[in-house]
Amino acid sequence: IDVFDGDSLLQHGTLSVDLRGLLRQGREFSEVLLECPVLDHRDANPEEAARNRRRRGALRLATGDTGAPEPMVGAGAAAVARGALLVRLINIGRTDKNYVRTPPLPPEGIRAWMMGGARGQVKAPTASSAHVRKLRVKAVPESGGAVAADMSAAILGPSNKRDPESNSGGGVPVRKKLSAKQVMKNIRGELAKAEERKLKRQARLKQLRTGEAPSQLYPEDEEKLLREHMLHDIEHARNQRRHDLITTQLKTAISTAHPIRAAYGETLFFEHELRNPYSSDACFVVDIEDDSELQLVTDAGEWRALRTAAKYPGGAGGVEDDAFASGNRLFLVGNERIMVPFKYQSTDPGGHIAAGQIVGGTTDGTVTNTPLPSKVISVAFISEIDQQPAALMEVQVTPLPIIVDRTFRFQSAEHDFFKNRLRVPAPLPLAGAASSAAATHAGTDLIVRCSDSTAVVGTMASREGGPKDELYIKYKCGAAPSSKEMFLLLYRDRYMAQLSETWQVFMHSLRRADVAAVVGQSTSSSVVIRGTDKSRRVAV
């Protein structure tokens with residue numbers, strides 16, 4: 001039995017199976033289980049093995065190789081096995097359908113006489129003649145039978161016609177009679193295909209031995225490369241998924257969430273506990289996501305004012321004057337804990353107004369319950385030792401609707417420079433004792449902020465040497481009939497810890513018509529009024 005590799009079609013070796021154990025010796029069946037050694041096919045023939053050994057010895061002498069002598073393989077020496085093959089063989093006996101069983105010999109003392117021969121001689125049956133097997137011969141069809149037809153299918157060509165007179169089921173295929181030239185052509189084609197397969201196997205064997213890249217890919221090589229490519233893609237996707245999952249889990253372990261509900265213009269103060277995870281001194285950089293509304297409190301006076309306004313309990317370690325270097329760098333000793341202060345102040349009124357909604361309700365007077373869009377601001381505390389975040393904080397901001405305390409509407413001519421002064425009532429209404437404490441601590445300064453950067457706003461005193469109790473507005477009006485809306489935020493302390501009032505101001509630009517006249521005389525002029533689809537001229 002020759003053993004070949006299923007992928008490369010290279011011969012591994014040969015083995016021999018002893019069939020003497022399959023002799024039934026009158027039994028219904030016989031079974032053997034053998035472990036046969038697989039020997040090199042070059043050493044299977046003793047004479048060929050000895051010839052190869054002498055050839056290799058002469059080659060070593062010619063090249064000057066004085067290494068270890070080659071082991072003896074062949075007659076008188078056991079060949080080196082390259083492996084073993086487990087073989088199980090079963091021999092089951094069966095009775096031939098054409099076998100005719102003869103009656104047993106008559107008992108002793110009783111003779112069965114038989115007439116035989118042309119001369120009428122009487123012969124007695126013997127033991128040898130009683131057990132003679134009789135066979136009947138059947139005539140073979142001209143087509144050669146089903147087996148012969150299947151064996152010659154590759155040469156004579158396929159056929160779907162069957163002989164209805166054949167004894168086999170469905171009939172024996174009847175094939176067209178081919179000429180000798182056509183038969184030889186088919187035989188040469190089969191031999192050429194076999195030779196081509198043999199040459200391909202030899203070329204493949206040479207490439208494997210020399211380690212060269214194959215010039216063409218065989219079907220088994222293409223399947224192997226495709227399988228390796230798919231496994232590589234699966235492993236890459238699995239590693240990427242594993243990396244993302246581990247990163248997410250680590251970020252979740254060191255992340256802290258701070259939910260806040262912020263109104264427009266209101267200053268929210270909170271603190272985050274930061275611990276140095278290293279046993280040695282380290283410097284951390286506070287990296288805030290690109291958001292100007294969340295700021296780090298670095299001034300000790302501002303920290304005390306904001307902490308008092310937010311009603312934080314006293315006694316906690318605060319911010320020192322030189323705690324932060326370069327604005328956002330914090331130095332901590334090994335395993336030190338510190339409360340890092342932050343403040344959030346919304347400066348964009350658009351985030352506090354739902355789509356299609358005006359301040360205070362809808363255009364038809366009904367109150368809307370449209371939720372306002374929320375956002376998340378990420379803050380990372382990055383260590384300068386390994387440039388990795390030691391802690392993460394997520395500020396979840398939920399905006400609240402704008403609450404307007406006063407509304408002003410001003411009308412001015414188009415392209416005019418509008419100026420006006422508004423009196424701030426005294427005393428200014430404060431939202432609780434915290435605001436009073438903050439105002440007492442910071443003084444009686446009046447600070448105003450405007451939502452529109454094109455308008456100029458400020459505070460001033462109504463009398464010389466008095467407190468600031470008025471604010472002024474300067475705005476360049478646009479073309480008629482445009483309208484501008486803006487919000488004014490009023491604070492009573494310089495750190496803007498507590499919002500005092502929110503004012504809403506509308507600026508309406510009206511059309512201007514210049515008329516020149518002399519005192520005591522009447523002058524007529526006309527103005528074009530556009531109210532409908534047609535224009536009308538009105539006398540003034």
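View 1. Of the chain's 540 residues, 26% count as buried; buried means under 20% relative accessible area, exposed over 50%, and partly exposed in between (1.4 Å probe, protein chains only). The model is predicted: local features need pLDDT of at least 70, side-chain atom pairs count only at pLDDT 80 or more, and totals for chains, interfaces and linings use all residues. Residues are numbered from 1 along each chain as its sequence is written, and side-chain values use heavy atoms, with hydrogens and water left out. The secondary structure comes to eight helices and 26 strands. These are DSSP runs, numbered from the N terminus (helices H or I, at least four residues; strands E, at least two). Among contacts between residues at least 6 apart in sequence, 65% join residues at least 24 apart; contact means heavy atoms within 4.5 Å.

**View 2. The largest nonpolar core.** This core has 25 residues. A nonpolar core is a set of buried Ala, Val, Leu, Ile, Met, Phe, Trp, Tyr and Cys residues joined through side-chain atoms within 4.5 Å. Leu-274, Leu-294, Leu-330, Val-340, Phe-342, Phe-381 and Val-395 touch the most other members. Strands that each supply at least two residues of this core include S9 (255-262), S10 (267-275), S15 (337-345) and S17 (389-399). Apart from this core lies another, of 17 residues, among them Phe-418, Leu-471, Ile-473 and Met-486.

**View 3. Contacts of Leu-294.** Neighbours within four places in sequence are left aside here. Leu-294 is then in contact with Phe-270, Ile-288, Phe-342, Lys-343, Tyr-344, Ile-377, Val-379 and Val-395.

**View 4. An open sheet of three strands.** The strand order is S19-S22-S21, with antiparallel pairing. Two strands pair if DSSP finds at least two bridges between them. Strands S19 (417-423) and S21 (456-461) stand at the edges, each with a single partner strand, so one side of each is left without a neighbour in the sheet. From one strand to the next, the twist averages 20 degrees. Axes are lines fitted to C-alpha atoms, for helices over the stretch in contact, and angles run from 0 to 180 degrees between N-to-C directions. S21 and S22 (residues 468-476) pair in the antiparallel sense over six bridges. Thr-459 stands opposite Leu-471 in S22.

**View 5. Leu-15 in its loop.** Leu-15 is found in the loop between strand S2 (11-14) and strand S3 (29-39). At 5% relative accessibility, Leu-15 counts as buried. Leu-15 and Ile-1 are 14 residues apart in sequence and 5.3 Å apart in space, C-alpha to C-alpha. Leaving aside neighbours within four places in sequence, the contacts of Leu-15 include Ile-1, Val-3, Cys-36 and Leu-85.
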